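Here is a short report on one protein chain. Look at the sequence and the model first, then read on.

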Amino acid sequence: MTDYSLPIPFARLRAALDVALRNAEAQHGEAIALSEDYFWSIPQAELYDARRQPTELTLGSLAHSWESVEKLPDEPDEALDCHLVWLSEILRAIGHAPQS
């Protein structure tokens with residue numbers, strides 16, 4: 001454990017996300033077609049231990065991540081913290097996508 005603490009107000013985070021999504025939409029249009037599905041993922045136990053090189057990689061799927069979050073607006077009571085992880089995987093892929 002560490003004593004490090006980075007306060008992030010959700011309202012400010014939501015505003016930043018909205019600006020970033022509006023920018024991506026302006027560049028790519030109303031939807032984006034991601035050209036990759038599988039990606040390398042580092043297990044949570046190793047992800048934030050920057051003192052050691054990860055020893056285990058797993059495969060993730062953008063299709064699975066999207067399937068997990070796409071229905072969330074219709075089922076808000078089903079929201080879990082892991083939905084944020086799936087969203088982050090999708091957002092990373094959008095951020096790496098070539099500009100239109």
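Arg 22 is exposed because its relative accessibility is 56%. Exposed means over 50% relative accessible area, buried means under 20%, and partly exposed lies in between (1.4 Å probe, protein chains only). Asp 18 has 36% relative accessibility, so Asp 18 counts as partly exposed.

Arg 22 and Asp 18 form a salt bridge, with 2.8 Å between the closest N and O atoms. A salt bridge here is a side-chain nitrogen of Lys or Arg within 4 Å of a carboxyl oxygen of Asp or Glu. Both residues sit in helix α1, four residues apart, about one turn of the helix. An α-helix has 3.6 residues a turn, so residues three or four places apart point the same way.

## About the model

This is a predicted model: local features need pLDDT of at least 70, side-chain atom pairs count only at pLDDT 80 or more, and totals for chains, interfaces and linings use all residues. Residues are numbered from 1 along each chain as its sequence is written, and side-chain values use heavy atoms, with hydrogens and water left out.

## The chain as a whole

The chain has four helices and two strands. From the N terminus on, the order is α-β-α-β-α-α. Helices (H or I, at least four residues) and strands (E, at least two) are DSSP runs, numbered from the N terminus.

The C-alpha atoms fill a box of roughly 40 × 30 × 30 Å along the principal axes. Of the 100 residues, 19% are buried. The chain exposes about 8800 Å², and carbon and sulfur atoms supply 56% of that. Accessible areas come from the Shrake-Rupley method with a 1.4 Å probe; for residues, only the protein chains shown count as cover.

## Helix α1 and the segment before it

Just after α1, Gly 29 takes a positive phi of about 95°.

Ile 8 lies in the segment before α1 (10-28). Ile 8 also belongs to a nonpolar surface patch with Tyr 4, Leu 6, Phe 10 and Leu 13. Together they have about 610 Å² of accessible area. Patches take residues with over 30% relative accessible area and no salt bridge; like charges are joined within 9 Å, nonpolar side chains (Val, Leu, Ile, Met, Phe, Trp, Tyr) within 5 Å.

## The two strands

Strand β1 (residues 38-41) pairs with strand β2 (residues 58-61) in the antiparallel sense, over four bridges. Two strands pair if DSSP finds at least two bridges between them. Trp 40 stands opposite Leu 59 in β2.

Phe 39 and Ser 41 make up the covered face of β1, while Tyr 38 and Trp 40 make up the uncovered one. In a regular strand the side chains alternate between the two faces of the sheet. Ser 41 touches Glu 56, Leu 57 and Thr 58, not counting residues up to four places away in sequence. Contact means heavy atoms within 4.5 Å.

## A salt-bridge network

How many salt bridges are there? The count comes to three. Asp 49, Arg 51 and Arg 52 are linked in a network. Asp 49 meets Arg 51 at 3.1 Å, N to O, and Arg 52 at 3.6 Å.

Asp 49 counts as buried because its relative accessibility is 16%. Arg 51 is exposed at 74%, and Arg 52 is exposed at 62%.
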